[in-house]
Amino acid sequence: MKRHSVSDRILLIFVYSALSIMTCISILPFMQVVTVSMSPVEEINRYGFHFIPTVFDFSGYKFVFSNDLIWGAYKNTILRTLIGVTITVFLTFLGAYPLSKKTLPHRKLWTILIVFTMFFQGGMIPSYLLVKELGLMNTMGALVLPGAVSVFLLLIVRNFVSGLPESLEESAKMDGANDIIILFKIVLPLSLPIIATIGLYSAVGHWNAWFDSMIYIQDQKKQVLQIVLRQIILEGQNPAVEVNGGQVVDYQNIDAIKMATLVIAILPIVCVYPFLQKYFIKGSLVGAVKG
C-alpha cells in the first residue's frame with residue numbers, strides 16, 4: 001500500500017473531518033424532524049431538540065394518512081412531477097440537439113437569444129395574464145408549461161450532446177438515417193447520464209414548487225402537496241383556526257402533524273436519489289465541462 005506523507009495525512013484528516021461535519025449538519029436536522037413526528041407533545045416540550053424518540057406517538061401520521069386532502073394533494077404533486085419531467089426532458093432535447101450542431105445556421109445568434117431569456121423575464125403579472133388568456137387557470141398546464149424548458153438545463157444538454165462522437169451520426173447517415181432517427185435511436189440512448197441529471201433537477205423543482213400553484217390554482221382539490229403543507233404550518237400557529245377546511249385537529253400535537261407531513265413530502269425524493277446518483281454526477285460533470 002502507498003504510504004502517505006505527513007502533509008498528506010494532515011490533509012486527509014482535514015478533509016474527512018470537514019466531510020463528517022457537513023454530514024452531521026445534513027443528517028441531524030432530518031433526524032430532528034423524524035423524531036418530532038413520532039413524539040408526543042409532552043416529550044417535545046420537555047426535551048426540545050433531541051434526535052432519538054424517547055416515547056413513540058404516531059398521532060401525527062394517523063392524521064396524515066386519514067386526511068383525504070393531503071392524499072389528493074400528494075396525487076396532484078406526483079402527477080405534476082411525472083408530466084413536468086416528461087415534457088422538460090422531451091423539449092430540452094429537441095432544443096439542445098440542433099444547437100449542438102456546428103452546421104446550424106446562425107447558431108450563435110440563436111444561442112444568444114436563448115441565453116438572454118435566462119437573465120431577463122417578463123415578470124409575474126405578464127406571466128399571470130398570459131396563463132389566464134390561454135385558458136390554463138386551474139389546470140395542470142399552468143404548473144408544467146410556463147417553466148417547461150430551463151435555459152440552464154438546455155445548455156448542459158447541448159454541451160453533452162456536442163461531446164458525443166460525430167462518427168456515430170456519420171455512420172448512421174450513411175445507412176440512411178435522418179436527424180429524427182439519429183436523435184431518438186442514437187443520441188438519446190447514449191444520453192442516459194444527462195437525462196438523469198435534468199430529470200432529477202426538474203423532478204425536485206416540480207416536487208418542491210408551491211408558488212405557481214398558489215397563484216394559478218383556486219380549486220382546493222387541485223392544489224399540490226407543498227401548498228397543503230404550508231397551510232398546515234401557517235394555520236397551525238393559531239389554535240383558533242381549523243386546518244384543512246374545518247377538520248378538527250388536536251393542536252396540542254400540531255408539531256408532530258407538521259413534521260409527519262414534511263416527512264411524507266420529502267420521502268419520495270430521498271428514495272429516488274440514490275438510484276440516480278451515479279448518472280447525476282456523471283451528467284453534471286460532462287455537461288458542465290464540455291463545450
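**Exercise 1. How much space lies in the largest pocket, and what lines it?**

Start with the model. This is a predicted model: local features need pLDDT of at least 70, side-chain atom pairs count only at pLDDT 80 or more, and totals for chains, interfaces and linings use all residues. Residues are numbered from 1 along each chain as its sequence is written, and side-chain values use heavy atoms, with hydrogens and water left out.

Step 1. On a 1 Å grid over the protein atoms alone, a pocket is an open set of points with protein on both sides within 12 Å along at least five of seven lines; lining residues have an atom within 4 Å of a point.

Step 2. Read the volume, the space filled by probe spheres set on the points, with grid points joined across faces, edges and corners. The largest pocket holds about 1,000 Å³.

Step 3. List the lining. It has 35 residues, and Gln121, Pro146, Gly147, Ala148 and Val149 lie nearest the centre. Two or more residues each come from α4, α5 (107–119), α6 (124–133), α7 (141–144), α8 (151–162), α11 and α12 (211–216).

Step 4. Sort by class. Ala, Val, Leu, Ile, Met, Phe, Trp, Tyr, Cys and Pro count as nonpolar, Asp, Glu, Lys and Arg as charged, and the others, Gly among them, as polar. The lining of the largest pocket splits into 22 nonpolar, eleven polar and two charged residues.

**Exercise 2. Describe the second largest pocket.**

Step 1. Its volume is about 500 Å³.

Step 2. Of its 23 lining residues, Ser100, Lys101, Lys102, Thr103 and Glu169 are closest to the centre.

Step 3. At least two lining residues each come from α4, α8, α9 (166–174) and α10 (179–190).

Step 4. By class, the lining of the second largest pocket has nine nonpolar, five polar and nine charged residues.

**Exercise 3. How do α4 and α11 cross?**

Step 1. Take the axes: lines fitted to C-alpha atoms, for helices over the stretch in contact, with angles from 0 to 180 degrees between N-to-C directions. Those of α4 (residues 68–99) and α11 (residues 192–208) come within 9 Å and cross at roughly 140°.

Step 2. Find the residues that meet. The α4 side includes Tyr74, Thr88 and Phe93, and the α11 side includes Ile194, Ser202 and Trp207. By class, this contact has ten nonpolar, eight polar and one charged residues.

Step 3. Beyond residues up to four places away in sequence, threonine 92 touches Leu153, Leu154, Val157 and Ile198.

**Exercise 4. Is glycine 60 buried or exposed?**

Step 1. Glycine 60 is buried, because its relative accessible area is 0%.

Step 2. Apart from neighbours within four places in sequence, glycine 60 contacts Ala256, Ile257 and Ala260.

Step 3. Glycine 60 and serine 37 are 23 residues apart in sequence, and their C-alpha atoms are 6.3 Å apart.

Note on methods
Helix = DSSP H or I, 4+ residues; strand = E, 2+ residues; numbered from the N terminus. Contact = heavy atoms within 4.5 Å. 1 Å grid on protein atoms, 1.4 Å probe; cavity = no way out; pocket = protein on both sides within 12 Å on 5 of 7 lines; lining within 4 Å. Buried < 20%, exposed > 50% of the residue type's maximum accessible area, 1.4 Å probe, protein only.
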